[in-house]
Structure formats: structure tokens, C-alpha cells
Amino acid sequence: VGKRGNFVEFVVKIPKVKKWTGEICGDCNGSGKQKFLDLRRDCFHCEGTGKECIFDWQPAYAISASFTIFTTLARFPGIETSEPFPQLITVNTITGSDMHGGSLGGEYSIPFVKWLTSLFGTNSVPEMVQAMKIAYNRMLGLHKFDQFHFRASVDYESGWLNVSCPGNACGLNPVHGAGYDMKRGLGYEFDCHNVDTPIQQITLLAGLSALHDRARKEIKI
Ligand SMILES: [Zn+2]
Ligand SMILES: [Zn+2]
């Protein structure tokens, strides 16, 4: 955590969750092919590499837990600031190992939503997609078939932002009833669907960070 101007900046190095140990895959004994159902197909465990990989979840949970504490404390900071530039987004996270254990939500402010409306019709928000892919690739590695699960777009001219990342319909959407706030030119709340792991949470946070960075450059107050 560092301070720049009137802002506190929170920077986190994204951890590798999936690690190659340098040993041979015990499932296929290094052949890279399945032994059980279909000998021609790649081993599920090592994805055809024949090498052993392990999943080290601990750093991802630790980062998620730090965000959960930080976003809880930052919500009501108890400090007045003279900074004229408004806060654009609030985020809060939770950290748990059960289903929906990576849930997150928050609010997009009035100036931010006004800016989002200008992205309607461009059919995607490339910074967000790119940041999510980089984060996910670092943690888990990115497969060809995962590419299409990353989406971010403003789907209505009112500033309605939908975001998806790999998972079971995993992503961020405006809350029920947010459409009414958008119609009145207000900010709105967003929440998530099926964010079960800290990998998905960190991926979506990376996307929000990239979106925020772009907004902060483009919004003129
Ligand atoms: Zn294998
Ligand atoms: Zn669910």
C-alpha cells in the first residue's frame, strides 16, 4: 500500500496458483495421454505435457483475505479529503473456501456511470478483457478454449456493464433494480454470479482496476 497525491494505492503481485514441479505426471507416467477412457486424448491432469503440476491456493486466498480486510476498512475511512476528483468505484470482497467464496460487489459512482455510457456500442472494453486474461494466465495458465470466456461490455446505452470470466456463468452484473437508477442518471450497484474461487475474484478485480485506470484518465472534472 502506498500513497500518491490524495490517493492510497494498493498494489498486489498476482501469484502463480498452478505450478510445474519438474517431476513426471503420475497419472499418465509422463506419456501425456489418457490411460483409461481414450488413449489418443491428452491426460486431464497434465494437459498432455506429461509433467506434474500442483495447485498452490494459499497465496491466492491470502491476497483475497487482504482485499477483504482492506475493502472493509476503506469503506468508511473516517478521514476527510480535499481531493476534488471523485471516487469512481467502491468494491467489497469476501474470502471463503465454499461455493461463492470469492464473491465481490460494489458501486459505480455517478460520474463513472456517465462515462460508461460513452462506451456503449463499442461492443467490448478491451482493457478489462486484457487485464483479466493476464491475471488469469499468471495464476492458472490460459487455454485456447478459455479465451472466449473473458468478456466485458456496456450492453445498454444507460451504462449497463456486464463482465464474465471463466467459470460457471461467472461474472459481474448490475444488481436487480439497477436499471431504474441508470434511467435516472444515478450511479448503481453491481454484484457477482458464481464467483467461487479467489482466482476468479482476483481476475475480476484486475479487470475492474484496468477499467478504473482508463476512467480516471478519461474523466475530466
Ligand atoms: Zn499426465
Ligand atoms: Zn450459485
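A pocket, in the sense used here, is an open set of grid points with protein on both sides within 12 Å along at least five of seven lines. The legends below describe a predicted model.

**Figure 1. The largest pocket and the residues around its centre.** This pocket has a volume of about 1,700 Å³. Its lining comprises 41 residues, and those closest to the centre are Val8, Glu9, Phe10, Phe70 and His212. Two or more lining residues come from each of strand S1 (2-4), strand S2 (7-9), helix H1 (58-75), strand S5 (89-93), helix H3 (126-140) and helix H5 (198-218). The largest share, 9 residues, is that of H5.

**Figure 2. Composition of the lining of the largest pocket.** Sorted by class, the lining holds 25 nonpolar, 8 polar and 8 charged residues. Domain 1 (11-56) and domain 2 (58-218) each contribute at least three residues to this lining.

Figure 3. The space in the second largest pocket amounts to about 220 Å³. Of the 13 residues that line this pocket, Lys18, Glu47, Phe55, Leu140 and His143 lie nearest its centre. At least two lining residues are supplied by strand S4 (51-55), and at least two by H3. In the lining, 7 residues are nonpolar, 3 are polar and 3 are charged. Because domain 1 (11-56) and domain 2 (58-218) both give residues to the lining, the second largest pocket lies between them.

**Figure 4. The zinc ion (ligand 2) and its protein donors.** His100, through NE2, and Asn194, through OD1, are the protein donors, at 2.2 to 2.5 Å from the zinc ion. Histidine 100 belongs to the loop between S5 and strand S6 (104-108), and asparagine 194 to the loop between strand S10 (188-193) and H5; the pair therefore ties together parts that are 94 residues apart in sequence. Histidine 100 is partly exposed, its relative accessible area being 36%. Asparagine 194 is also partly exposed, with a value of 23%.

**Figure 5. Asparagine 29, a residue with positive phi.** Most residues other than glycine have a negative phi. Asparagine 29 is not a glycine, yet its phi is positive, at about 55°. This asparagine is found in the loop between strand S3 (18-24) and S4. With a relative accessible area of 56%, asparagine 29 is exposed.

**Figure 6. Alanine 169, in a loop between two strands.** The phi of alanine 169 is positive, near 50°, in a residue other than glycine. The loop in which alanine 169 lies runs between strand S8 (160-165) and strand S9 (170-174). Alanine 169 counts as exposed, at 60% relative accessibility.

Technical notes: Residues are numbered from 1 along each chain as its sequence is written. Chains are lettered from A and ligands numbered from 1 in the order in which they are written. This is a predicted model: local features need pLDDT of at least 70, side-chain atom pairs count only at pLDDT 80 or more; totals for chains, interfaces and linings use all residues. Side-chain values use heavy atoms; hydrogens and water are left out. On a 1 Å grid over the protein atoms alone, a cavity is a set of points where a 1.4 Å probe fits but cannot get out, and a pocket is an open set with protein on both sides within 12 Å along at least five of seven lines; lining residues have an atom within 4 Å of a point. Grid points are joined across faces, edges and corners, and a volume is the space filled by probe spheres set on the points. Helices (H or I, at least four residues) and strands (E, at least two) are DSSP runs, numbered from the N terminus. Ala, Val, Leu, Ile, Met, Phe, Trp, Tyr, Cys and Pro count as nonpolar, Asp, Glu, Lys and Arg as charged, and the others, Gly among them, as polar. Domain bounds come from an automatic or database domain assignment. Donors are N, O and S atoms within 2.8 Å of the metal (3.2 Å for Na, K and Ca); water is not among the atoms, so sites may look incomplete. Buried means under 20% relative accessible area, exposed over 50%, partly exposed in between (1.4 Å probe, protein chains only).
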